[in-house]
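This briefing concerns the structure shown below.

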Amino acid sequence: MTAREAVLRTLPLFEMARMRAATAPRRHPLHGFAGPDADSRLRWLNTFTHSKRLLTPQDREVVTPNNDTLYTNAWLDLAEGPLVIEVPDMGERYWTLGFLDMWTNPFAYAGRRTTGNRAQRLFVYGPQWRGDLPAGMVCIAAPGADVWIIGRILVDDDASDLARVAQLQRQFTILRASDLLPAACVADCAMDGRKTDTPVAGAYRAVVDATWARNPAPPADEDTAALWHQASREGDAPLQAALAAVCQALRQQAQPSDAGGGWSVPVAIRTGWGREFTLRARVARNLIGALGIDEAMYPVAEVDDRGRPLDGRHRCTLYFPPGAGPQVDAFWSITMYRKSDCLLVDNAIKRYSIGDRTPGLQWDADGGLRIAIAHAEPAAAQDRANWLPAPPEPFYLTLRLYQPRAAHLEFRFAYPALVRLDA
């Protein structure tokens with residue numbers, strides 16, 4: 001049990017390190033490759049990378065990705081001093097930068113909800129820095145030397161809007177606070193981030209130890225160090241068994257319904273996980289990069305109205321009654337994922353999500369909304385317009401609520417159940 005609990009407590013450190021290796025750029029647009037060959041573990045830090053298109057099933061680096069926004073990604077190294085992040089005027093467009101520590105705590109935000117849409121500078125500093133905070137900047141204190149910025153910028157899936165967002169992306173910059181020169185630097189990420197299977201015990205231990213040394217444990221983890229040291233002393237065999245058991249359980253076991261209608265809310269925090277260690281590990285494994293609920297909520301459905309696992313071989317429907325749709329200040333969507341790998345599902349119509357911005361979405365005459373969910377294409381025209389294709393195997397849905405209103409934040413919203421239409 002010690003090894004299992006130690007894995008649950010430390011898995012976020014490993015998954016964040018894996019994500020850094022997977023998503024920090026190998027190549028800088030001006031300075032070239034960080035390492036000498038394709039197998040190099042060297043990556044560029046303190047520089048932004050931006051997705052240029054919405055993600056598809058062919059993108060496999062990020063589990064449970066969204067299909068609404070372009071990602072803006074940066075890994076910060078604050079060990080040498082504070083950084084300044086320049087953000088352009090974003091007009092009226094939804095955008096956010098979420099700041100995560102290496103324990104997956106979403107400790108700060110910049111964006112439409114928190115700092116507004118006008119041009120701004122962010123001053124980001126680590127726990128070892130001492131100095132006077134600059135006037136006129138948004139000051140962000142990081143709990144460790146390493147930070148993941150995972151940003152989202154709303155975009156329509158057409159060439160003209162993609163071009164507009166690309167112009168905005170080019171204006172995001174990261175500078176050294178000491179001289180306001182570009183801060184890009186090279187670091188050894190120490191692993192192959194493309195591998196998402198169960199890690200090998202020895203490699204897992206090395207990554208956890210190295211990451212922890214630069215990023216102190218949160219206050220709620222006051223006893224985690226003792227558990228980890230004991231598990232390490234017991235050797236690789238029990239640690240490997242615990243890794244296999246924990247990774248399988250976190251990926252395969254259904255989340256109990258706690259929001260009604262077969263829905264659960266796996267992320268229900270603002271800025272920190274506290275002692276919700278199992279939940280923290282589950283999110284790190286399956287929903288890494290998730291924001292706190294004030295920015296976005298992610299209700300997940302894995303079972304139907306009778307508690308049966310969702311499976312695309314059975315037709316089902318999701319019905320929002322008139323006036324009872326999701327309540328948000330930005331927008332909402334429902335995205336389909338295979339249960340086996342937590343990735344988007346390929347389909348003939350190339351629709352991976354559906355929501356209030358979906359072209360051609362058809363509402364009932366009374367204002368209700370019916371979404372058809374199945375692997376097979378529906379026969380009725382309205383069902384085809386509102387069809388979210390499923391794989392011919394188990395799946396789950398994520399309802400994304402950007403800037404959710406009080407009914408969601410206070411857990412008063414009545415989430416409708418998915419109803420199976422065949423036996």
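The points that follow are grouped by topic. The model is predicted. Two helix pairs are described, α3 with α4 and α1 with α3. Two packed helices are described by the angle between their axes and the distance between the axes.

**Packing of α3 with α4**

- Helix α3 spans residues 201-214 and helix α4 spans residues 224-233; their axes lie 12 Å apart and form an angle of about 150°.
- Because angles over 145 degrees count as roughly antiparallel, α3 is roughly antiparallel to α4.
- The crossing of α3 past α4 is left-handed.
- On the α3 side, the contact is made by Y204, R205, V208, D209 and W212, and on the α4 side by T224, A225, W228 and S232.
- Sorted by class, the residues of this contact between α3 and α4 are five nonpolar, two polar and two charged.

**Packing of α1 with α3**

- The axes of α1 and α3 are 9 Å apart, at an angle of about 85°.
- Angles of 65 to 115 degrees count as roughly perpendicular, and α1 and α3 are therefore roughly perpendicular to each other.
- From α1, the residues V7, T10, L11, L13, F14, A17 and R20 meet Y204, V207, V208, T211 and W212 of α3.
- The contact of α1 with α3 comprises nine nonpolar residues, two polar residues and one charged residue.
- Y204, V208 and W212 of α3 take part in the contact with α4 and also in the contact with α1.

- The buried residues of α4 are T224, L227, W228 and A231.
- These residues cover an arc of only 95° around the axis, which puts them on the same side of α4.
- The exposed residues A226 and R233 are carried by the face of α4 that is turned away from its buried side.
- The cover over the buried residues of α4 includes α1 (2-23), α3 and α5 (236-252).
- G235 follows α4 and has a positive phi, near 95°.

**Individual buried positions**

- R18 is located in helix α1 and is buried, with a relative accessible area of 3%.
- Apart from neighbours within four places in sequence, the contacts of R18 are E61, M191, G193, K195 and T196.
- R338 lies in strand β18 (residues 328-338) and counts as buried at 17% relative accessibility.
- With neighbours within four places in sequence again left aside, R338 is in contact with R60, L343, L344, V345, P391, E393, P394, F395 and Y396.
- G262 sits in the loop between α5 and β14 (263-264), where its relative accessibility of 13% counts as buried.
- The C-alpha atoms of G262 and G367 are 23 Å apart in space, and the two residues are 105 residues apart in sequence.

- Most residues other than glycine have a negative phi.
- L180, although not a glycine, has a positive phi of about 55°.
- The loop between β12 (173-176) and β13 (185-188) contains L180, and this residue is partly exposed, with a relative accessible area of 37%.
- K350, a residue other than glycine, has a positive phi near 55°.
- K350 is found in the loop between β18 and β19 (353-355) and counts as exposed at 52% relative accessibility.

Terms used. Residues numbered from 1 in each chain as written. Predicted model: local features only at pLDDT ≥ 70, side-chain atom pairs only at ≥ 80, totals over all residues. Heavy atoms only, no water. Axes fitted to C-alpha atoms, helices over the stretch in contact; angles between N-to-C directions. Helix = DSSP H or I, 4+ residues; strand = E, 2+ residues; numbered from the N terminus. Parallel < 35°, antiparallel > 145°, perpendicular 65-115°, else oblique. Left-handed = near helix turned anticlockwise from the far one by under 90°. Contact = heavy atoms within 4.5 Å. Nonpolar A, V, L, I, M, F, W, Y, C, P; charged D, E, K, R; others polar. Buried < 20%, exposed > 50% of the residue type's maximum accessible area, 1.4 Å probe, protein only. Arc of directions from axis to C-beta.
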